[in-house]
Amino acid sequence: MTTISRKPSGTGTRSAATRPSLNAAERKRLESAFSIPRGRFLAGVPIALIVLLWSFNGAEFDFAKLSEGAVNMGEFLSRLFPPDFSKFGTIVELLIETLQMAIVGTVLGGILSLLVAFAASSNIAPKWLYYAARWTMNIIRSVPDLVFALMFVSAVGLGPFAGILAMTLGSIGSIGKIYAEAMEAVDRGPVVAMEAVGASQRQVITYGILPQAAPNLVSYTLLLFEGNVRGATILGLVGAGGIGLELTTAMKMYDYGHLSAIIICIIVLVTVIDQGSALIRRRIT
């Protein structure tokens, strides 16, 4: 007669035979993943401190001078109160123009940046096109937006059109690189599977890369829009439209009440846009 032995039904313990075992080499590898590279870390700390002190010295950063100037900063801030909203209509009109510039600049810049990002993604473009696109973005990114604004002001004249062109061109260098890195970071599994069944490059991009990168692309586009709102304010300093010119005029005329009102309105606009962008990000992630 055969007897059937039953294992204990307790769920709190596991038999030794069913417990996973690790050999010495595997255990050492897993433990080393959480260890700090002490030698390199200790050697890097003094190097980092030396570079930091060298940078402080070269940049003439002085805490004593900052404390001495705190009184002047406090006096300047005190002049901003109370704010003068007597020209509130003008401020709102220029803020709307600034917002319109940012919207158009974001749409045009996002589309062009996405096209350049396809050429700057190592998993999509050939090497010759990849390096050409990367170098182009590096050159654009190294030039300040104010320089582009001055160039377009001299080409098309004063006004928001020059500012839109400057934002559009500047976006290619900054957000185009981020778009490309988002597409390079997608999971290779679906892409390899599509290539294995004979999918074309267009199909791989459309159904394998863009759906995975879409949430990041939308998030980065919202970040670009927020940056363009602030950028449009700065571009107005050189006559490229927006609220910046009014801000500069108030500073030159020492009209601190009007300056304070402009700053408050800009803060409100940026805060509203930031909260709206955060809400959209939560919806898509």
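Reply: Buried means under 20% relative accessible area, exposed means over 50%, and partly exposed is what lies in between (1.4 Å probe, protein chains only). This is a predicted model, so local features need pLDDT of at least 70 and side-chain atom pairs count only at pLDDT 80 or more, while totals for chains, interfaces and linings use all residues. Residues are numbered from 1 along each chain as its sequence is written, and side-chain values use heavy atoms, with hydrogens and water left out.

Me: How many helices and how many strands does the chain have?
Reply: Helices (H or I, at least four residues) and strands (E, at least two) are DSSP runs numbered from the N terminus. Read from that end, the elements are α-α-α-α-α-α-α-α-α-α-α-α. The count is twelve helices and zero strands.

Me: What percentage of the residues is buried?
Reply: The chain has 285 residues. Its buried share is 31%.

Me: At which residue does α8 bend?
Reply: Helix α8 covers residues 160-184, and its 25 residues reach 35 Å from the first C-alpha to the last. That is close to the expected 36 Å, where the expected span is 1.5 Å times one less than the number of residues. A bend is the angle between axes fitted to the seven residues ending at a position and the seven starting there. In α8 a bend of about 40 degrees is found at Ile 172.

Me: Where is the kink in α10?
Reply: Helix α10 (residues 201-235) has 35 residues, and a straight helix would reach 51 Å. Its end C-alpha atoms are only 40 Å apart. A kink of about 55 degrees lies shortly before the proline Pro 211, at Leu 210.

Me: Which helix supplies the largest share of the nonpolar surface patch?
Reply: The patch of about 750 Å² is made by Val 45, Leu 49, Leu 52, Phe 56, Phe 61, Phe 63, Leu 66 and Met 73. Patches take residues with over 30% relative accessible area and no salt bridge, joining like charges within 9 Å and nonpolar side chains (Val, Leu, Ile, Met, Phe, Trp, Tyr) within 5 Å; areas come from the Shrake-Rupley method with a 1.4 Å probe, and for residues only the protein chains shown count as cover. The elements giving two or more residues are α2 (38-58) and α3 (63-68). The largest share, four residues, comes from α2.

Me: Why does Val 45 count as partly exposed?
Reply: Val 45 lies in helix α2. Val 45 is partly exposed because its relative accessible area is 35%.

Me: How far apart are the closest N and O atoms of Glu 75 and Arg 79?
Reply: A salt bridge is a side-chain nitrogen of Lys or Arg within 4 Å of a carboxyl oxygen of Asp or Glu, and the whole structure holds four of them. Glu 75 and Arg 79 both lie in helix α4, four residues apart, about one turn. An α-helix has 3.6 residues a turn, so residues three or four places apart point the same way. The N to O distance in this salt bridge is 2.9 Å.

Me: Is Arg 134 buried or exposed?
Reply: Arg 134 forms a salt bridge with Glu 184 (3.4 Å, N to O). The pair links distant parts of the chain, with Arg 134 in helix α6 and Glu 184 in helix α8, 50 residues apart. Glu 184 is partly exposed at 26% relative accessibility. Arg 134 has a relative accessible area of 13% and is therefore buried.

Me: What is the C-alpha to C-alpha distance between Lys 87 and His 258?
Reply: Lys 87 sits in the loop between α4 (70-79) and α5, and it is partly exposed at 39% relative accessibility. Lys 87 and His 258 are 171 residues apart in sequence. In space, their C-alpha atoms are separated by 7.5 Å.
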